[in-house]
Amino acid sequence: MWKRLIASFLLIVMAMGVAAIALDRWVSWKTAGYIYEDVQALPHRQVGVVLGTAKYYRTGVINQYYLYRIQGAINAYNSGKVKYLLLSGDNAQQSYNEPMTMRRDLMAAGIPASDIVLDYAGFRTLDSIVRTRKVFDTNDFIVITQRFHCERALFIALHMGIQAQCYAVPSPKNMLTVRVREIFARLGALSDLYLLKREPRFLGPLIPIPAVHAIPDDAQGYPAVTPEQLLALQQRLAQEKQQEQEKQQALERAKQQREAEQKQAEEQAAQEKAAQEKAAEEKAAQEKAAQEAAAQPPHPGHLLPPPEAPPAPLP
């Protein structure tokens, strides 16, 4: 019995693994024709979308994926393949700002601020791709990232009816863990697209690229989602989270109170039952003692005449 269950479980796991790998390969096959590894072979487009990532790991070591993406954006811009760079990344925390970090490095490389656009709400790849179309009014653009990321980004674009190509920049050599994690990321993307029908977390006003006004060199840029709006969003999410926590705490307190009341009622019932049993035992003992006393014969001394009174003393 156990051997059959273990064999069935292993077969299910193997089937799920084969299905995951097959879906991974399907995503790669479907997007292969839209990926370019040579910057000279890239078609000319107005906008290049640089997908953000952290510049440093938690250990403080610089992220090679970040460096390759920044260098790829510089190459695409300097070669004239793109006119504007849309930097899409996560800015969910005040201490973590992917678009601003990329902007500083690109400006240090000589790219003018007027040709850099910031998207602070690129929380996920789906958000970055869809917002490029719906917020920045761009339907044909170049995505700049690693090849495995290109494939997922282009798959999302194709599913959404968005025209896009991808410039696949080099990847570090030790990327086995990242590639395995990418399989699960693709399964999540397929679930978002076909099952959950998810949309970007945040959509701002329509701001086409290029902007109709000039941007000074020291300007922050013209994001469709301002830091103030993101701060308000963070506060709202934090408030909702706090309310949910308070609700859970109230439910937990109510549960504990019900359990305490139930326990108290059980203890009281147990005490009443014990008292009743004790009273019943005492009554039974009294009845038994009475029955035994009634069953005993009278003592012989009861049949003797009472003793005579002693004589009165003489005067």
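Is Phe155 buried or exposed, and what is its relative accessible area? Phe155 is buried, at a relative accessible area of 4%; buried denotes under 20% relative accessible area, exposed over 50%, and partly exposed the range in between (1.4 Å probe, protein chains only).

## Basis of the model

The model is predicted: local features need pLDDT of at least 70 and side-chain atom pairs count only at pLDDT 80 or more, whereas totals for chains, interfaces and linings use all residues. Residues are numbered from 1 along each chain as its sequence is written, and side-chain values use heavy atoms, with hydrogens and water left out.

## Overall architecture

The protein has 7 helices and 6 strands, taken as DSSP runs (helices H or I, at least four residues; strands E, at least two) and numbered from the N terminus. Along the sequence these elements follow the pattern α-β-β-α-β-α-β-α-β-α-β-α-α.

Of the 315 residues in the protein, 35% are buried. Among contacts (heavy atoms within 4.5 Å) between residues at least 6 apart in sequence, 74% join residues at least 24 apart.

## The sheet and its edge

An open sheet is formed by 6 strands in the order S1-S6-S5-S2-S3-S4, and the pairing is parallel. Its edge strands, S1 (35–36) and S4 (116–119), each pair on one side only; two strands pair if DSSP finds at least two bridges between them. Strands of a sheet pair through backbone hydrogen bonds, either parallel or antiparallel. S1 and S6 (residues 163–169) pair in the parallel sense over 2 bridges.

Tyr36 lies in strand S1, and its bridge partner in S6 is Tyr167. With a relative accessible area of 25%, Tyr36 is partly exposed. Leaving aside neighbours within four places in sequence, Tyr36 is in contact with Ala41, Leu42, Pro43, Gln165, Cys166, Tyr167 and Ala168. The C-alpha atoms of Tyr36 and Gln165 are 7.8 Å apart in space, while the two residues are 129 apart in sequence.

## Helix H2

Helix H2 (residues 64–78) has 15 residues and reaches 21 Å from its first C-alpha to its last, close to the 21 Å expected at 1.5 Å a residue; the expected span is 1.5 Å times one less than the number of residues. At the start of H2, a side-chain oxygen of Asn63 comes to within 3.0 Å of the backbone nitrogen of Tyr65. Just after the helix, Gly80 adopts a positive phi of about 80°.

The buried residues of H2 are Tyr65, Tyr66, Arg69, Ile70, Gly72, Ala73, Ile74, Ala76 and Tyr77.

Helix H5 (residues 147–159) lies across S1, S2 (47–51), S5 (140–146) and S6, and runs at about 175° to S6. Axes are lines fitted to C-alpha atoms, for helices over the stretch in contact, and angles run from 0 to 180 degrees between N-to-C directions.

Rings of Phe, Tyr and Trp (its six-membered ring) pair if their centres lie within 6.5 Å; planes under 30 degrees apart count as stacked, over 60 as edge-to-face and the rest as tilted. The count by this rule is 2 aromatic pairs. The ring centres of Trp26 and Phe155 are 5.2 Å apart and their planes stand at 75°, so this pair is edge-to-face. Trp26 belongs to helix H1 (residues 2–31) and Phe155 to helix H5, 129 residues apart. Trp26, at 32% relative accessibility, counts as partly exposed, whereas Phe155 is buried.

Tyr65 and Phe148 also form an edge-to-face pair, 6.1 Å centre to centre with 85° between the planes. Tyr65 lies in helix H2 and Phe148 in helix H5, so the pair ties together parts 83 residues apart in sequence. Both Tyr65 and Phe148 are buried.

Methods:
Polar contact = N/O pair within 3.5 Å; in protein donor to acceptor, adjacent residues only side chain to side chain.
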